[in-house]
Amino acid sequence: MDKYQEQPHLLDPHLEWMMNLLLDIVQDKTSSADLVHLAFKFLYIITKVRGYKTFLRLFPHEVADVQPVLDMFTNQNPRDHETWETRYMLLLWLSVTCLIPFDFSRLDGNLLSQPGQIRMSIMDRILQIAESYLVVSDKARDAAAVLVSKFVTRPDVKQKKMADFLDWSLCTLARSSFQTIEGVITMDGTLQALAQIFKHGKREDCLPYAATVLECLDGCRLPDSNQTLLRKLGVKLVQRLGLTFLKPKLAKWRYQRGCRSLAANLQLCAQGRREPQTHAETPDGDADDDVPEEVERVIEQLLVGLKDKDTVVRWSAAKGIGRMAGRLPKELADDVVGSVLDCFSFQETDNAWHGGCLALAELGRRGLLLPSRLVDVVAVILKALIYEEKRGACSVGANVRDAACYVCWAFARAYEPQELKPFVAEISSALVIAAVFDRSVTCRRAASAAFQENVGRQGTFPHGIDILTAADYFAVGNRSNCFLVISMFIAGFPEYTRPMIDHLVAMKINHWDGVIRELSAKALSNLAQRAPEYSATHVFPRLLSMTQSLDLHTRHGAVLACAEVAHSLSRLAVQEDRLCLTFHRPVADYLDETVVQGLKQIHQQLYDRQLYRGLGGELMRQAVCVLIENLSLSKMPFRGDAVIDGWQWLINDTLRNLHLISSHSKQQIKDAAVLALAALCSEYYTKEPGEVDPARQEELITQYLAELRSPEEMTRCGFSLALGALPGFLLRGRLQQVLAGLSAVTHISPEDVSFAESRRDALKAISRVCQTVGVEAGGSPDEVVCEENVAQIFRTLLDCLRDYTTDSRGDVGAWVREAAMTSLMDLTLLLGRDQPELLEAQVCERVMCCLAQQASEKIDRVRAHAARMFMALLHADGPPIPHLPHRGDLQELFPRSDMASVNWNAPSQAFPRITRLLGLPAYRYHVLLGLAVSVGGLTESTVRYSTQSLFEYMKGIQHDPQALEGFGGTLLQVFEDNLLNDRVSVPLLKTLDQMLANGCFDVFTLEENHPFCVKLLALCREEIRKSRDVQKLRSSIGVFCGMVQFPGEVRRKALLQLLLLLCHPFPMIRKTTASQVYEMVLTYGDVVGAGVLDEVMAVLSSTAWDAELPLVRGQRNRLCDLLGVPRPQLVPKVPKLPIPPTSLSLVPLMWASLCPPRSVCVW
């Protein structure tokens, strides 16, 4: 049924047959209690989806149904929390049967069933049931309130029982306290019942009791309760009491827009467009009606409810205000409107503003806000549309802005266009601003909906259809799109340009959210091109004054905005061909000298006030770096000015102290400083175009190279990227020094082994330097990438692909490897495009093989990155890269279409393709090295798909002895090269275990003592010799068990190794060995003779291998005898020569770990 929650009316054609089917089970006398409850449970589920009001009328409600329903209650336990759905549905059913048009006394018959015993009347039974279920803790309480409202308001019941029930209700309320759970439950049911009675009862019946109930309600002090539901019910009951005091009538003075029927409106349109009507204020003919004193108290309580802390209470109070005002005389209703407008004082909380907006929307929707009040109302709504109040690290007010949009939506439906015409410009601009620049997506969408409603209903909003097309419900969902794209489109309409700019400057540049400040600055940059003169003459002076504000957020946003707007105006000047051939200011036509001087003084003013220090200094450093970048790109006339040295100091100091900056903003500040340096150097450090200032070059390069040796990792990162960002004229003549310095940062030494980020950034810098200086085969190594230095650059990059450093953050070496792969691709493509003769075959082969290895390893991100680099080199857009091994085979295995269609992050797609490279001899070694790590890894998906792909390849070469020999030789070479390298050797042992278990080397079992098997056994024994790594030892056990399948000396030595492990010092190793040997004996039947098989199995399974070693050793020796293997012998420890006491201090402590044990097993 849940699928019908959004459109429950689709159930209507099926409700009746579903109900009848379930009620047949309920009414069947033979149905068990559990089955009846299940039927009621299904009925409740249907009711929950469709709503009880629609479902109620379908219940059988004949006279004959009253008694059976009452009888069902006799079997119900109000305290049984498992069957509350049954009681809920029975109460709803009983509430329908109460509507029968017969006096209940006619159904009682003779109440004297036996002498001296009087039966309860049906009326009393129903009332007793209702009262008992009003105080239960489950949902049956809600149904009991419905029952009371239907039952007590009957003509025959109200005369006899209404007063008594109200007395009981008021006494119950008086005795209950909202401080206890029981009291809250009791008050909830009672208040629901009273609210329903005063809603459905006739006014003349309820009026005599209304004042008493109001008095009792005042005594309950519900506004002081912390229970939202009780306060909501209190407001609901108060408004029902207020409506009881007032006569039900439609106010003649209310504003009426005209026909609300769509069909009637269409008919009028068919006849011809009707003339706009003017609505004269109708004299209030009911002004002389008496308004009871209690109404004032009701209104007061509803106004207090508008300021409640919970939305549901405020919403209920707003509806109450609207209903009450509709029955009041015009003057009193206007006083109510005035009281509602008092909620919009800035001394009030956001709750009052929100409640006030809801009340105004209700009043406007009901025609109770006369046009004469629109001046005051529109003024406060415009304030509400931008209401935001900072609280701590966040703000409140999104609900206020959303409600203000609802008011605008309601006004569009309530008033004729001529009534709102004086306010169109203000409302349309405010709604556009909210739809585009609000931080909350719900508010942006609400504003878009309100704007759409006004465009459709009023038809007076400028360019409404065009704006709606661009700023619809889905388009405004993306905040960046709103600030940077939609706003630019809307600003093309002059009516909205200046209001949008003014709003950004006044409300968003100083916003508490840094993301909003940055987006606002970029939006101002875009809008400045729509109104350049206004931005230069009005916006810039305001922004410059804000840069000196005491508020951190205002300063930060203002500096960013100054930077962005200045650069925007400079771009506009270039586009308009205002840039002269000689060096002039590109923005001279827009910015006067005062503004230029103000921009130049920003840094010094912040420095003098010491605003670069502390946490606030992080924001200001980043903002001023952005300012430096944009002013440099704008070619401001500051060449030779002292401000350039100040800017350079700020950049250097920021990069030097990156380690003092909080981690969440470190990367952003680093990037901003590097970009600022690049722009600053390009614009202000040349004597003539392309000619460097030698003194400045010497100072920068020397200082930056010295900082690369800093003991702080982040300082190395910053200055590495700074060197990479330097323009070509500063690198000219110093290229060798720069490359050597950056290369030194990439080397791993014991003191900086964890500096993975500095190595990553140094690699990025090397790539950028190569791109900047370019390539020339016969050039100087101090000027360009040439034949003399290209080999060293490749060597540095390729060496970094072996960086597998790990620390508490995990495989941090992956950052270095990714940067190395990117740099290799960039450098190779650069050489292939400009100087392909510099690419040696050996280098190209190593680059492609290393990329293939990374593309077959276990980290998804690294694997995908490597695959993309591999494909980019294989399918280069320019000239093809020379010397690629097996180019034709590669292009067939990896077509260009795979670049876009394959998700290399997914192991299921990546490994089946990568393993194809095993068939190419040049790539086999590196791919196998990467696959060994993946197959023996820990990630389930990686292990599964890499194993499947490897086995699929092995299956294909089983009948090709030459290919199998080549594969085996490569595998042994990988093992030998990575002996005692736990990163490779441990997963490689797991890989070998799986390959042996799956029969990948069954061909070698036909030859005794095959060279592959002999060497593999030797490598495995060497790998675990003296090892205390439990993971490695456990992995090796499976390999030794798998090697038992090879006949000859290999089998004998493998068995010997396994029997040695059965007496390993670690109990876990002994148990694991025994378990796997047991499985091995079952798997390979020819290992153990049939005569001793049962005894061997018994020893393996019955021995407690985690017991003391002397006990275990006897069982192990017994196995040796059974298997025909010589027993290991204990060799006594060799006595050590005495060491003179004077030389003890010279013996390193580490030798203690190398001392032999007291005895060792030898063969």
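Leaving aside neighbours within four places in sequence, V238 is in contact (heavy atoms within 4.5 Å) with L217, V298, Q301 and L302. The model is predicted: local features need pLDDT of at least 70, side-chain atom pairs count only at pLDDT 80 or more, and totals for chains, interfaces and linings use all residues. Residues are numbered from 1 along each chain as its sequence is written, and side-chain values use heavy atoms, with hydrogens and water left out.

V238 is part of helix 12, residues 228–245. Helices here are DSSP runs of H or I, at least four residues, numbered from the N terminus. The relative accessibility of V238 is 2%, so V238 counts as buried. Buried means under 20% relative accessible area, exposed over 50%, and partly exposed in between, with a 1.4 Å probe and protein chains only. V238 and R297 are 59 residues apart in sequence, yet 9.3 Å apart in space, C-alpha to C-alpha.

Helix 6 covers residues 122–133. Its 12 residues should span 16 Å, taking 1.5 Å times one less than the number of residues. The end C-alpha atoms are 17 Å apart, which agrees. Nine of the 12 residues are buried, so helix 6 is largely enclosed by the rest of the structure. Among the buried residues are I122, R125, E131 and Y133. The buried residues of helix 6 pack against helices including helix 4 (66–73) and helix 9 (162–175).

The whole structure has zero disulfides, a disulfide being a pair of cysteine sulfur atoms within 2.5 Å. C394 is partly exposed, at 38% relative accessibility. Its sulfur is 14 Å from the closest cysteine sulfur, in C443, too far for a bond. C770 is buried, at 4%. The sulfur of C770 is 11 Å from the closest cysteine sulfur, in C786, also too far for a bond.

How values were computed: Helix = DSSP H or I, 4+ residues; strand = E, 2+ residues; numbered from the N terminus.
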